[in-house]
There are 2 protein chains.
Amino acid sequence: MIGQEADVYRQLKQYFSKYITVSDEQTSVFCSKFKHRRTKRGEVLLRAGEVAPYSYFVNKGCLRVYMMDAEGRESTRFLVFENCIGTAFPSFTLQEPSMAYIQSVEPSEILYITHKDFNEMLDTFPVWERIYRIDLEREYIASIRRIESLITMDAKQKYNMLMNTNPSLIQRLPSKIIADYLGISQETLSRLKSKK
Amino acid sequence: MIGQEADVYRQLKQYFSKYITVSDEQTSVFCSKFKHRRTKRGEVLLRAGEVAPYSYFVNKGCLRVYMMDAEGRESTRFLVFENCIGTAFPSFTLQEPSMAYIQSVEPSEILYITHKDFNEMLDTFPVWERIYRIDLEREYIASIRRIESLITMDAKQKYNMLMNTNPSLIQRLPSKIIADYLGISQETLSRLKSKK
DNA sequence: TTCCAGATTTGACAAATGTCAATAAATCAT
DNA sequence: ATGATTTATTGACATTTGTCAAATCTGGAA
């Protein structure tokens, strides 16, 4: 049992020490702020209008951050896979009502931390701010790449890019989600796949 | 003369103390790392393929970070206006060759800092890391909003949004740049403006 | 002022993509 | 396994947007 519990934080600990060295004591403190839970396929963790209370680290599975327009059409803003941390970022950071939903697209195993704990750690541990800052840089760079692809590429180019950079994503997720992640209709995506 | 020199850093000092309190001594150290220069209209500060050596704070004017495809078509990734800091972010941060160009679209007055100084300050001053981290959060949130608009809106919606959130930008910049910032052709933009 | 270079607008047409509807395929719960 | 429900594909067509070319407008230099 102890072995199993320890295992729950194994990936998170790796995540902390990915770019910098963190002492065992600090790692323990950081982990202690994260609670563990499992989610069901399709489970909605946050609805638009709510203030995001948590940020999520994915041990296993996949979370999807998406918006819905007045006609019920969905657009996927971000996908959070194994060993990544994510949330409805503007809402979590500014503690404002969210424009986005968060949904577990697969049965998942996640660790989550409250905004309060997250920010207290920023004030208490410079190392935590360092870890977070480096993570922000990576996330921001990824979002810049995404913006570039959205303003410069047509549907086929965007799909090919995803094939090259993230082929597992295509195999794993329903094409409906791939389509609205790319900002194209599922019919267009379906045609791209057959035509090549 | 002393008064004029001090004035050059006035906006930068305000920028530092926008979200947190910074001592005068620290502010002085931070400012000392930024050099001052003026740019001409159209001047190119960075070319694709080069590693971005500097990050720029704009006192006056506007910088444009843009990409160019094989056919010479340009896409504006970001615009940096007064009292904002910006650069070819992935290149500056990772010190890799840039995919983007940086150009001064107006005669501008800027302060710039080297990557080395920037990172040394991160290791020396936790306050600097804090300032940078908060700035990253804001920039990242802005980029998320931009991604949302790119995947959910058509050309007219994107233009209307820009009109509402940033009307000065439309008056100030040539419509060619507005168009490739929105990821649409200048002809489409021109038609949108006349129709509604 | 006058002229020129660049920017903007407009028109005609082509290409890409979206929408709607019907069908086929896959997945889930029982 | 089997039916029910969701998801994916395909076709026909409408709409949006891009492309190219020409015309018009604009601001700065001589």
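This is a predicted model: local features need pLDDT of at least 70, side-chain atom pairs count only at pLDDT 80 or more; totals for chains, interfaces and linings use all residues.
Helix H6 (residues 126–152) of chain A and helix H6 (residues 126–152) of chain B have axes that come within 9 Å of each other and cross at roughly 25°. Because angles under 35 degrees count as roughly parallel, H6(A) is roughly parallel to H6(B). The hand of the crossing of H6(A) and H6(B) is left-handed.

Between chain B and chain A an area of about 3,400 Å² is buried, and carbon and sulfur atoms give 69% of it. On the side of chain B, the residues that lose the most area to chain A are B:Tyr140, B:Ile147 and B:Ile151, which together supply 20% of what that side buries.

Charged side chains also pair across the interface. How many salt bridges are there between chain B and chain A? The count is 8 salt bridges. One is formed by A:Arg130 with B:Glu129, whose closest N and O atoms are 2.8 Å apart.

Attention may now turn to packing inside each chain. Two packed helices are described by the angle between their axes and the distance between the axes. In chain A, helix H7 (residues 155–165) and helix H10 (residues 186–195) have axes that come within 10 Å and cross at roughly 70°. Since angles of 65 to 115 degrees count as roughly perpendicular, H7(A) and H10(A) are roughly perpendicular to each other. H7(A) passes H10(A) in a right-handed crossing. From H7(A) the contact draws on A:Ala155, A:Lys156 and A:Tyr159, and from H10(A) on A:Thr188, A:Leu189, A:Leu192 and A:Lys193. By class, the residues of this contact of H7(A) with H10(A) are 4 nonpolar, 1 polar and 2 charged.

Chain B can be read in the corresponding way. Helix H7 (residues 155–165) of chain B packs with helix H10 (residues 186–195) of chain B at an angle of about 70°, their axes lying 10 Å apart. H7(B) is therefore roughly perpendicular to H10(B). The crossing of H7(B) and H10(B) is right-handed. Which residues meet in the contact between H7(B) and H10(B)? In H7(B) they are B:Ala155, B:Lys156 and B:Tyr159, and these meet B:Thr188, B:Leu189, B:Leu192 and B:Lys193 in H10(B). The residues of the contact of H7(B) with H10(B) divide into 4 nonpolar, 1 polar and 2 charged.

Terms used:
Residues are numbered from 1 along each chain as its sequence is written. Chains are lettered from A and ligands numbered from 1 in the order in which they are written. Side-chain values use heavy atoms; hydrogens and water are left out. Axes are lines fitted to C-alpha atoms, for helices over the stretch in contact, and angles run from 0 to 180 degrees between N-to-C directions. Helices (H or I, at least four residues) and strands (E, at least two) are DSSP runs, numbered from the N terminus. Angles under 35 degrees count as roughly parallel, over 145 as roughly antiparallel, 65 to 115 as roughly perpendicular and the rest as oblique. A crossing is left-handed if the near helix is turned anticlockwise from the far one by less than a right angle, and right-handed if clockwise. Contact means heavy atoms within 4.5 Å. Ala, Val, Leu, Ile, Met, Phe, Trp, Tyr, Cys and Pro count as nonpolar, Asp, Glu, Lys and Arg as charged, and the others, Gly among them, as polar. Buried area is the accessible area (1.4 Å probe) that two parts lose on being put together, summed over both. A salt bridge is a side-chain nitrogen of Lys or Arg within 4 Å of a carboxyl oxygen of Asp or Glu.
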